[in-house]
Structures are given as structure tokens and as C-alpha cells.
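Please read the explanation below alongside the sequence and the coordinates.

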Amino acid sequence: MSSIFDIIGPVMIGPSSSHTAGAARLGKMALSIFHERPASVTMTLYGSFAKTYRGHGTNRALVAGLLGMDADDARIRESLEIAQQENFQYTFIGSEVDAGHPNTVRFNMYGKDGKHMSVTGSSLGGGRVAVTNIDGIDVDITGEEHQIIAFHTDQPGVIAGVTHILGLAGINISSMRVFRKRKGSEAVMLISTDSDVDEMALQQIKEVAGISSVMYFEPLE
């Protein structure tokens, strides 16, 4: 049964958009970053997410996002039932650890071929969200812009190679940040652009020496 705080109709009803619309967007961002429907997901909830996720519909919203639903999808109220029908495996774990923000979730996603990825994000209010960590590397992804996420080795020439490709493609960079665990180790390049990035440019970026993987997503609705 659904409580009055669940998602009703085409809009999300609840005590705050953080627990519903934001949660759905976080789930969809995690799905986009994983780049495929995971076979199973363990979601560790922190702060108010951990305390109220059932009553406020956060559990349904998170699962809905992982199933690819938008924040205003009327099916969100049945997302748990849909997940069961589609054999989508998920687990919720409540944590008392202080994650730095009261509405935080960590997705541990597992693919059928053994692929694993950890994505942590927070719902900031008003439907705004931020992914703050991918596989132990701190990032800052809001889902509000065209963004390229390039995982690479921290070495000379990688950033220049990527920006050169975008320049030749006529794609303007609005902002760019690089996150790394330590000098010379794993790093993530987060590039926001003013326009769409075509498949040819993305393929060329993947071929830059030092790049291990590239993902791209457009602004969430």
C-alpha cells in the first residue's frame, strides 16, 4: 500500500521534493553513470533518507530512477512492483554514519557480467541533486548541464588531448574540473559544455592515451 506521501499521478507529492523528485533523479543519474541496467543494487541510506525512506516514498523514487523513470512518471508509485515483475534486485540499508548531508544515498551497482560501480549522491532540495563520489573519487555532478565524465590516469597530455578534440568539434566548454585520488593515480575529468556532444567526438576522446572510459549524459528533465 502507498502512503499519502508517496508519488501520486504525474507529480511527486511528499513532505519535501528532496525525498521524492530528488531521489528519483539520483536513481536515474546512477543508472546513466553505470551505463546499463544493473542486475542488482544495494542502496545505503544516510540521514533523513535512512529514517523516513518508506513513509516518504523515497524507496519507490530511488528504484524508479534506477528503472529509468523520470521524476514526474506516474508509474513511480508502482515502481517496487514493477521492479519485482522485471526481476530487478535491490536492497536498502539504513546507516547512522554522518555522510555530510542529511539526504544521501550510496548505490552499489552490480551488472550481470560482474561489473561493479559505487555512486554516492545527495538530494539538495527543490529537486536539485549532486553526485559526489564515483568509485572512491570525489566528483560534483548536478545533472543540470551537458556533461562528459572521463576516467583517466593522471598524466601529462590527457586533458590537452580531450580539450583539443572538443575545440575541433566546435563544442564550447562552460566549465571543467579534474578530480584525482593522488598525483599520478586514477582521476576523473568532469567537463560541462554549452551544447550536445556527438558520438564521433566521444569516440575520439575514448581513444586519447590515458583515458580508460568515457560517459556522457544530457541534462535531466
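In this predicted model, Gln147 stands opposite Phe217 of strand S12. The two residues belong to a pairing between strand S9, residues 146–153, and S12, which runs in the antiparallel sense over six bridges. S12 itself covers residues 211–217, and five of these seven residues are buried, so the strand is largely enclosed by the rest of the structure.

S3, residues 40–47, pairs with S5 in the antiparallel sense, and eight bridges join the two strands. Within this pairing, Thr42 has Asn108 of S5 as its bridge partner. S5 spans residues 103–110 and is mostly covered, with six of its eight residues buried.

S5 also pairs with S6, again in the antiparallel sense, over seven bridges. Here Met109 is placed opposite Met117 in S6. The two strands form a hairpin with five residues between them, and Gly114 in that hairpin takes a positive phi near 95 degrees.

From S6, residues 116–125, the next partner is S7, with six bridges in the antiparallel sense. Gly125 is bridged to Arg128 in S7. This hairpin has two residues between its strands, and Gly126 in the turn has a positive phi of about 65 degrees. S7 comprises residues 128–134; five of the seven are buried, so this strand too is largely enclosed by the rest of the structure.

S7 then pairs with S8, residues 137–141, in the antiparallel sense over three bridges. Ile134 stands opposite Ile137 in S8. The hairpin of S7 and S8 again has two residues between the strands.

Asp135 has a positive phi of about 50 degrees although it is not a glycine. Asp135 lies in the loop between S7 and S8, and its relative accessible area of 32% makes it partly exposed. Asn87 is another residue other than glycine with a positive phi, in this case near 60 degrees. Asn87 is located in the loop between helix H4, residues 79–85, and strand S4, residues 89–94. With a relative accessible area of 54%, Asn87 is exposed; the cut-off for that class is over 50%.

Turning to the whole chain, the protein contains six helices and twelve strands. Its radius of gyration is 18 Å, close to the 17 Å that the globule rule gives for 221 residues, so the protein is as compact as a globular protein of that length. The C-alpha trace spans about 55 × 30 × 30 Å along its principal axes.

Of the 221 residues, 49% are buried. Among contacts with a separation of 6 or more, 66% are between residues 24 or more positions apart. The protein exposes about 10500 Å², and carbon and sulfur atoms supply 50% of that area. There are 18 positive and 25 negative side chains, and the centres of these two sets lie 6 Å apart.

Note on methods
Residues numbered from 1 in each chain as written. Predicted model: local features only at pLDDT ≥ 70, side-chain atom pairs only at ≥ 80, totals over all residues. Heavy atoms only, no water. Buried < 20%, exposed > 50% of the residue type's maximum accessible area, 1.4 Å probe, protein only. Helix = DSSP H or I, 4+ residues; strand = E, 2+ residues; numbered from the N terminus. Pairing = 2+ DSSP bridges. Rg over C-alpha atoms; globule rule 2.2 N^0.38 Å. Contact = heavy atoms within 4.5 Å. Areas by Shrake-Rupley, 256 points an atom, 1.4 Å probe, with all protein chains shown as cover. Lys, Arg positive; Asp, Glu negative; His and termini not counted. Charge placed at Lys NZ, Arg CZ, Asp CG, Glu CD.
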